[in-house]
Amino acid sequence: MKVKPMSHPTTRLLRRSLLLASAAALAACGGIPLSALPRLAQLSGQLLEADPAQFMVALQVDARVVPPPGAVPQLHIRLQPKVEGAFAPVDRKLPLAMTTAARATLGLDAPGPGRRWLVYSLPPATQAELQKVQAMVKQAQAQPGYQRGGTLALGVEQKDLAVTDPALARTKWSTWMQVKQSEGFFEVWNGTPEEIRRMAETQR
């Protein structure tokens, strides 16, 4: 299974943010640490076997980046088979739980003065839905004559994430992911909101 990036947010990034985990764009996208390349290359297979309760995404941002009250982040899963009919395509947005932390948490280092963690995890209902997707793909793989392969796009979407202050445009913005609790978090991207906006503009 090939992992593909979901679309970067449009120039409305400051109101709609996608935190990406991508292996297909490794050669094209800047900001991905070299240490993350082996982990990202294995990501699709790991996600198929992962315990959804252990899957988390953490975003380290300037403390002035504040999600609006009541906003519900979502896990966006897009899965397409390489051969049409091998299994039903998936395009789902599932609700996530979010917590914030201004100190070390869940094995993540303290973010430093003036910064915070936004940590996204899967509540029980979303865990159950992800397990259904995992089971569907495994069932397809077990069928005689199954032609293995497909494209997986994965992102965390937080609508109306408040990054409207121009002073925040060049602040550090880093994304971390945990697939297995025993392996902890690893960094998958780092850069600035300004860089994300530029990437979005090139993809329009």
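The structure is a predicted model in which local features need pLDDT of at least 70 and side-chain atom pairs count only at pLDDT 80 or more, while totals for chains, interfaces and linings use all residues. Residues are numbered from 1 along each chain as its sequence is written, and side-chain values use heavy atoms, with hydrogens and water left out.

Four helices and ten strands make up the secondary structure of the protein. Helices (H or I, at least four residues) and strands (E, at least two) are DSSP runs, numbered from the N terminus. Along the sequence, these elements follow the pattern β-β-α-α-β-β-β-β-β-α-β-β-β-α. Of the 204 residues in the protein, 48% are buried. Here, buried means under 20% relative accessible area, exposed means over 50%, and partly exposed lies in between (1.4 Å probe, protein chains only).

Strands of a sheet pair through backbone hydrogen bonds, either parallel or antiparallel. In this model, an open sheet is formed by five strands in the order 6-7-3-9-10, with antiparallel pairing. Two strands are taken to pair if DSSP finds at least two bridges between them. Strand 6 (97-101) and strand 10 (186-191) are the edge strands, each pairing on one side only. On average, neighbouring strands of this sheet are turned by 20° against each other, direction ignored. For such angles, axes are lines fitted to C-alpha atoms, for helices over the stretch in contact, and the angles run from 0 to 180 degrees between N-to-C directions.

Strand 7 (residues 115-121) shows how the pairing works in detail. Seven bridges join strand 7 to strand 3 (residues 56-62), and the two run antiparallel. Methionine 56 has serine 121 of strand 7 as its bridge partner, and glutamine 60 stands opposite tryptophan 117 in strand 7. Strand 6 also pairs with strand 7 in the antiparallel sense, over five bridges; here the bridge partner of threonine 99 is valine 119 in strand 7. Strand 7 is mostly covered, with six of its seven residues buried. In the loop between strand 6 and strand 7 lies leucine 106, whose phi is near 55°, a positive value in a residue other than glycine. Leucine 106 counts as partly exposed, at 48% relative accessibility.

A pair of aromatic rings is described by the distance of the centres and the angle of the planes. Rings of Phe, Tyr and Trp (its six-membered ring) pair if their centres lie within 6.5 Å; planes under 30 degrees apart count as stacked, over 60 as edge-to-face and the rest as tilted. By this rule, the count comes to one aromatic pair. The ring centres of tryptophan 117 and tryptophan 176 are 6.1 Å apart and their planes stand at 85°, so the pair is edge-to-face. This pair links distant parts of the chain, with tryptophan 117 in strand 7 and tryptophan 176 in strand 9 (residues 173-178), 59 residues apart. Tryptophan 117 is buried, at 2% relative accessible area, whereas tryptophan 176 is partly exposed, at 23%.

Attention now turns to helix 3. Its 18 residues reach 26 Å from the first C-alpha to the last, close to the 26 Å expected at 1.5 Å a residue; the expected span is 1.5 Å times one less than the number of residues. Buried residues of helix 3 include Thr126, Leu130, Val133 and Val137. Seen down the helix axis, the buried residues of helix 3 fall within an arc of 150°, so they line one face of the helix. The arc is that of the directions from the helix axis to the C-beta atoms. On the other side, Pro124, Ala125, Lys132 and Gln139 are exposed.

Finally, the packing can be viewed through nonpolar cores, each a set of buried Ala, Val, Leu, Ile, Met, Phe, Trp, Tyr and Cys residues joined through side-chain atoms within 4.5 Å. The largest nonpolar core has 34 residues, and Phe55, Leu75, Ile77, Leu79, Leu154 and Met177 have the most contacts inside it. Helix 3 (residues 124-141) gives the most to this core, with four residues. A second, separate core has seven residues, among them Ala58, Leu108, Trp117 and Val119.
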